[in-house]
Amino acid sequence: LAVVPTGTENDFARALDLPLDRERALDVAANGDLPTTRIELLRSGDRPFVNAASTGLAVTAAHRARPLKPSLGPLAYAVGGVRAGLTADPIELRIRVDGDVAFDGEAWHVIVGGTGAFGGGSRLGRTDTSDELLDVAIVERRSRLALIRRAWGMRRGTLEDQDGVRHVRGSHVEMDVPPGTEFNVDGEICPLQ
């Protein structure tokens, strides 16, 4: 698979350090200038993904960013994120990782990462694209003001290290969420499967 990035932020290409310039990416695809990288292909229900599947603030932020992308480009993600942080509610959920309950309560945001790249340049910092494990970051319900620090951690790749964020790894993740919950799966909003 050769990647020629044409999206808004090109999270997958960034996560794998692939060229973002279209002409350079085409050259790499044609000439095989980069070594082969093995990555995991993940599933959210029947939908495959490689970067991240998330719920909570990520969905609200994506809805708020979508109409702004034509005029603001990558800045739309930041604006959508701020608007989501000011208005969204946490969700009640239970998360099991490899059969064990990893979290049961209210959370602002949950990210299940493959490459760990998501949301216009945000990322999980501990993901390994070839370790055959999922990284799960759960942003527990705390003050709305603390979401500013969480956003900074997502941009810097240090979210998992913050107080109030639970980080779990495993090969199988299950979430019990309220009916109608949507997920952001590699940038596409999907209903619960």
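**View 1. Burial of glutamate 140 and its salt bridge in the predicted model**. Glutamate 140 counts as buried, because its relative accessibility of 16% falls under the 20% cut-off. Arginine 166, by contrast, is partly exposed, at a relative accessible area of 33%.

**View 2. The salt bridge of arginine 142 and aspartate 163**. The two side chains meet at 3.1 Å, N to O, and the pair links the loop between E8 and helix H6 (147-156), which holds arginine 142, with the loop between H6 and E9, which holds aspartate 163. Arginine 142 is partly exposed at 37% relative accessibility, whereas aspartate 163 is exposed at 54%. Glu140, Arg142, Asp163 and Arg166 are linked in a network of salt bridges.

**View 3. The salt bridge of arginine 96 and aspartate 176**. These side chains meet at 2.8 Å, N to O; arginine 96 lies in strand E4 (residues 91-97) and aspartate 176 in strand E10, so the pair ties together parts that are 80 residues apart in sequence. Arginine 96 is buried, with a relative accessible area of 18%, while aspartate 176 is partly exposed at 37%.

**View 4. The second largest pocket**. This pocket holds about 540 Å³ of space, and of its 20 lining residues the closest to the centre are Arg43, Ser44, Gly45, Phe49 and Val173. The lining divides into 13 nonpolar, 5 polar and 2 charged residues.

Note on methods: Residues are numbered from 1 along each chain as its sequence is written. This is a predicted model: local features need pLDDT of at least 70, side-chain atom pairs count only at pLDDT 80 or more; totals for chains, interfaces and linings use all residues. Side-chain values use heavy atoms; hydrogens and water are left out. On a 1 Å grid over the protein atoms alone, a cavity is a set of points where a 1.4 Å probe fits but cannot get out, and a pocket is an open set with protein on both sides within 12 Å along at least five of seven lines; lining residues have an atom within 4 Å of a point. Grid points are joined across faces, edges and corners, and a volume is the space filled by probe spheres set on the points. Ala, Val, Leu, Ile, Met, Phe, Trp, Tyr, Cys and Pro count as nonpolar, Asp, Glu, Lys and Arg as charged, and the others, Gly among them, as polar. A salt bridge is a side-chain nitrogen of Lys or Arg within 4 Å of a carboxyl oxygen of Asp or Glu. Helices (H or I, at least four residues) and strands (E, at least two) are DSSP runs, numbered from the N terminus. Buried means under 20% relative accessible area, exposed over 50%, partly exposed in between (1.4 Å probe, protein chains only).
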